[in-house]
Amino acid sequence: MKIHFMVIIILFASLSPFTEGAKTIDPYKVLGVERNASQREIQKAFHKLSLQYHPDKNKNKGAQEKFAEINNAYEILSDEEKRKNYDLYGDEKGSPGFGGGDPTDHGGYTYFRSGGHGGQGSSRFTFRPDEWQNMGGQSNSKSFSFSFGNPNSHSSFGFGSFGLNDIFSNLFGGDSGAHFGGFGSSGGSQSGSRTSPKSIRAVNSQVFNKEITDRGMTWLLLSHSPTSTGSQYYESIISQVASSLEGALKVGSINCETEQSLCKDLGIYPRGSPRVFVYSYRAGGSGSLVEYTGDLDAKSLKTFCQDHLPRYSKRVDLHRFDFSTAYDERLPTVMLLSAKKDTPVIWRALSGLYRKRFIFYDVEVRDTSDFKVRELGVDVLPAVIGLLSDGEKRILRTGIVKDLKSGIEDLSNLLDSFEKKNMKVASSRAKRKEGESQSNRVPLISGSNFDSLCGESIPVCIIGIFKSYKSREKLESILSTVSQKSLSRQQARGSGHSISYTLLDGTKHPAFLNSFDRYGFKSLDSLLVAYKPRKAKYAAFTGEMTAEEIERFISSVLNGDVQFNKTRQKPTFK
């Protein structure tokens, strides 16, 4: 039996190096935090140490190994399951092993299967070499006592009459299927390559080309490989930023081991640790990748991302803004009125998504009592003003108070609807134009045809001046009708000279307007000028532009009932 005893002593002694060598370095000590530390405290500690020992910044000997330890510690303590396993077993995988024992075990070995030390429902395995038990039987054999269950449990089994094969069978498996100390099968604990969190989408070349390149959406991208250190911390920071900017920002993860050609083409191969990039629209019309090299914390990265959101909205001064010149004949125009000193994130995000479909403006408004704001009919901020391609203004939304994601969704629906309205207006305008007779159209005056339309051979030239598409359509329709009527002086009839009717785009020819008025009729969207080229005199009508009023004005001009003023200079085109 002495031989049996020595074999068992050797057996347990031989287990000691394995168990000690397999012990995980205490992650709490590595990060310098208490065992009851919160996730926030663990994250802050990791961030501080990872910056201190990052291989790209710290070239001292041992820095890389220390950095690996820090990352390993964070991976354990930042994962709820791994941290629980470590606290229970001293191993993040939850694999059983022999600990150093409890002082009350008198030098024995104690193994806790689950539930914590001394916890209810725990399975306790205790071996005490000094406690021999007389089991009776032949030769008065002695055995070791092993107890299972709570410390108060008396269930045990002995090795007294067991042979060595029985001992090995019970300790390391055999037919019973029992496994101890991580020997034999590993049970349910398996390790494998780490994958990105579900919240971070895997990006390949197809996704990059179809959904990222010049699509107007800002992306936050993580470049990594399976061997990159600290990936989990990078992913957690990126996820935080993505959550705070949801709707204005999307995130993706590029595995450069499986997407080698994409990483090579983009120049984003990771080094020892992952790299972070933003697909930015800040530099120009098209997007480009910009690497983030600042401190790896959520606040700093979020600021960087916000700085690289699209800037397709032009900030203007409402008091100097001329709505009559802001419209576009092809695209609808939208303006955001808000109290923000800079263009709001929500508007910048929308300006990127709709940059090819809308013209964007934004204005800082300090008080809704401002007369310019009142003129627009706005009494609540923020507000969105829409301008159709015919120059018509509409209040699209006031009092937007939703969060970023839902706000972008709501305003996207609003812009889609307004775009459809603008398409109907444009279509209706095109049909009206198509139906008009070419002979009845009023010509547009320019430098090339000025002499033939308003030269000295013309007694009176009636010029309809417009500054918006809507006012042009209205003037053209009225002048076309009036020009067909016989509204000429008797002298003009006798001489054979006719009255000329023309149109002028006031937004393109301010110098021409300055010939009549010092300020170029800047405050007016439309007006009518009766010009006498031979005498260099003019008369202006700035009243309501209706067919009746315009016809009355022209009749008064031809009858000599209107006072004419001297022009400031001869009308010219520049």
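Does N58 count as buried or exposed, and at what relative accessibility? At 13% relative accessibility, N58 counts as buried; buried means under 20% relative accessible area, exposed over 50%, and partly exposed in between, with a 1.4 Å probe and protein chains only. The views below show a predicted model, in which local features need pLDDT of at least 70, side-chain atom pairs count only at pLDDT 80 or more, and totals for chains, interfaces and linings use all residues. Residues are numbered from 1 along each chain as its sequence is written, and side-chain values use heavy atoms, with hydrogens and water left out.

View 1. Helices (H or I, at least four residues) and strands (E, at least two) are DSSP runs, numbered from the N terminus. A polar atom of the N58 side chain lies 2.9 Å from the backbone oxygen of Q52. This is a polar contact: a pair of N or O atoms within 3.5 Å, where within protein one must be able to donate a hydrogen and the other to accept it, and residues adjacent in sequence count only if both atoms are side-chain atoms. Not counting residues up to four places away in sequence, N58 touches Q52, Y53 and A63; contact means heavy atoms within 4.5 Å.

**View 2. N204 in the loop between β5 (201-202) and α7 (205-212).** N204 is partly exposed, at a relative accessible area of 28%. The N204 side chain reaches the backbone nitrogen of Q206 at 3.1 Å, and a polar atom of that side chain lies 2.8 Å from the backbone nitrogen of V207. Leaving aside neighbours within four places in sequence, N204 is in contact with E259 and L262. S253 is 49 residues from N204 along the chain, and their C-alpha atoms are separated by 8.7 Å.

**View 3. The disulfide between C256 and C263.** The S to S distance is 2.0 Å; a disulfide is a pair of cysteine sulfur atoms within 2.5 Å. The torsion about the S-S bond of C256 and C263 is about -90°, so this disulfide is left-handed. C256 is buried, with a relative accessible area of 3%, and C263 is buried at 0%.

**View 4. The disulfide between C454 and C461.** The sulfur atoms of C454 and C461 are 1.7 Å apart. C454 is buried at a relative accessible area of 1%, and C461 counts as buried at 0%. The structure holds two disulfides, and with bonded cysteines counted along the chain they follow the pattern 1-2, 3-4.
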